[in-house]
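This briefing is meant to be read beside the sequence and the coordinates.

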Amino acid sequence: MAKFQALNIVLLVAAAVVPTSVAFCYSDVEAACSSKPSDSADDSLLPNCNAKYGGIENLQAELQAYANGHIETSFEFLLMSTHFGSYESNREGFKGLYRKLSDNAWEKAIDLIKYISKRGGRMNFNQLPHFKKSTKDRVLELSELHSLSKALDSEKQLATEALRLHSQAKHHGDAAAAHYLEEEFMEPQTEVDFQKPLVGGETTVQRLVQALHSSRVGFRRLPGFDPSIDNLEYYRLQQMVDCDEVYPRIYIGDGITAKNKQYLQRIGITHVLNAAEGKKFGMVNTSSDYYRETGMRYLGLQMLDLPSTDISQFFYTAAAFIENAVATGGRVYVHCVQGVSRSATLVIAYLMIKKRMLAADAIRTVRLGRDIHPNDGFLRQLARLDNQLRRHRLL
């Protein structure tokens, strides 16, 4: 206790001898960041006292203009909603549509302002949008068809501006801003097509997840083995194989079985599709040379089992390869590392493209033969493919 009392005395004495002219950090920062100039001529105000990173300095004005564009568009949609909700027009459907578009544009504007602040900037409401509108475009009391065309044009302007800003963000090396624009403004535009409404609504990830978990895996007999044979060595051989026939002449399995050439020949495989080709972790290191002596045709696709992986770029390539095997009377073995995500997604896409199945039906078909679990990102891309194919078949 005596030591603490002595320490307090020392601190009090030290504080007493400190000159009153000594400067403190907080006082300096408060003076430099104040909105009003200091009385001292030597003190200068800092233009900004928040942290910034990336190339936000080069994008701030662009983002401000984009936010203002959303605010302006929001008010235009709101006025259009009011027009169609009037006693004379009395079009509740159009009133609701434009109110929804107005609210959406307003929410996007608020989100942009928050993002600018998060990046250390400030919102400037005087920054004019880059897309200019003529006097004719300001007319908001429109007929139903004219209003729909105007709404589509406004949405197109906002989407085009998002693409331009995304390009600017990449040019300035601001990956964070580019990712933000992709998630909030570019991806939603690819998921909805207002020109071709679908009966029953859009296919969503939630619908596909429900289809995945509502279907049960059926009884699976291991291809190439006779279950009536009761032999220990025969049983051990089966434990080394992971393979299921999920559709006539189409098999899904793991990477270990893919390297078992003797087994693949045993079940009559003529084509091998490796959905995880590579030498790194999470990949299967095979190639066309690996199967050269067997006469099997090979297709290797390099991708990781991540929700961010663009597996959709391989949908039609894989579908054509699988179709070639089936159409010529062959059998195709589609695999990744475990045979549950990448390979399953490609087979589902094949059934959608070549067999004209809906995504939910294709998932149920494959899951009846094998316990599959495509990741959420792959399900999202399958939902997008399903909507595209459904619209195409409306033509």
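Accessible areas come from the Shrake-Rupley method with a 1.4 Å probe, and for residues only the protein chains shown count as cover. On that basis the protein chain exposes about 23400 Å², of which carbon and sulfur atoms supply 54%. The model is a predicted one, in which local features need pLDDT of at least 70 and side-chain atom pairs count only at pLDDT 80 or more, while totals for chains, interfaces and linings use all residues. Residues are numbered from 1 along each chain as its sequence is written, and side-chain values use heavy atoms, with hydrogens and water left out.

**Whole chain**

- The protein chain has 14 helices and five strands, where helices (H or I, at least four residues) and strands (E, at least two) are DSSP runs numbered from the N terminus.
- Of the 395 residues in the protein chain, 41% are buried; buried means under 20% relative accessible area, exposed means over 50%, and partly exposed lies in between (1.4 Å probe, protein chains only).
- A contact means heavy atoms within 4.5 Å, and among contacts in the protein chain between residues at least 6 apart in sequence, 74% join residues at least 24 apart.

**The second largest pocket**

- Rolling a probe the size of a water molecule over the atoms shows where empty space is left.
- On a 1 Å grid over the protein atoms alone, a pocket is an open set of points with protein on both sides within 12 Å along at least five of seven lines, whereas a cavity is a set of points where a 1.4 Å probe fits but cannot get out; lining residues have an atom within 4 Å of a point.
- The second largest pocket holds about 450 Å³ of space, a volume being the space filled by probe spheres set on the points, with grid points joined across faces, edges and corners.
- Its lining consists of 15 residues, and those that lie nearest the centre of the pocket are E187, P307, S308, R380 and R384.
- Helices α6 (175-191) and α14 (376-392) each supply at least two residues of this lining, and the largest share, six residues, comes from α6.
- By residue class, the lining divides into two nonpolar, seven polar and six charged residues, where Ala, Val, Leu, Ile, Met, Phe, Trp, Tyr, Cys and Pro count as nonpolar, Asp, Glu, Lys and Arg as charged, and the others, Gly among them, as polar.

**Aromatic pairs**

- Rings of Phe, Tyr and Trp (its six-membered ring) pair if their centres lie within 6.5 Å, and planes under 30 degrees apart count as stacked, over 60 as edge-to-face and the rest as tilted; by this rule the count comes to 11 aromatic pairs.
- The rings of F84 and F94 have centres 5.1 Å apart and planes at 25 degrees, so this pair is stacked.
- Because F84 lies in helix α3 (residues 56-84) and F94 in helix α4 (residues 92-118), the pair ties together parts that are 10 residues apart in sequence.
- Both partners count as buried, F84 at 3% relative accessibility and F94 at 17%.
- The rings of F225 and Y263, with centres 6.0 Å apart and planes at 20 degrees, are likewise stacked.
- F225 lies in the loop between α7 (205-214) and α8 (232-239) and Y263 in helix α10 (residues 261-266), so this pair ties together parts that are 38 residues apart in sequence; F225 and Y263 are both buried.
- Elsewhere, ring pairs link Y66, Y115, Y180 and F185 into a cluster.

- L148, in helix α5 (residues 144-171), is partly exposed with a relative accessible area of 32%.
- Not counting residues up to four places away in sequence, L148 touches F94, L97 and Y98; the C-alpha atoms of L148 and F94 are 9.0 Å apart, although 54 residues separate them along the chain.
- R249, in the loop between β1 (243-247) and β2 (250-253), has a positive phi of about 75 degrees although it is not a glycine, and at 29% relative accessibility R249 counts as partly exposed.
- R356, in the loop between α12 (342-354) and α13 (359-369), also has a positive phi, near 60 degrees, in a residue other than glycine, and R356 is exposed with a relative accessible area of 57%.
- D310, in the loop between β4 (297-300) and α11 (315-327), is partly exposed with a relative accessible area of 37%; D310 and G377 are 67 residues apart in sequence and 8.4 Å apart in space, C-alpha to C-alpha.
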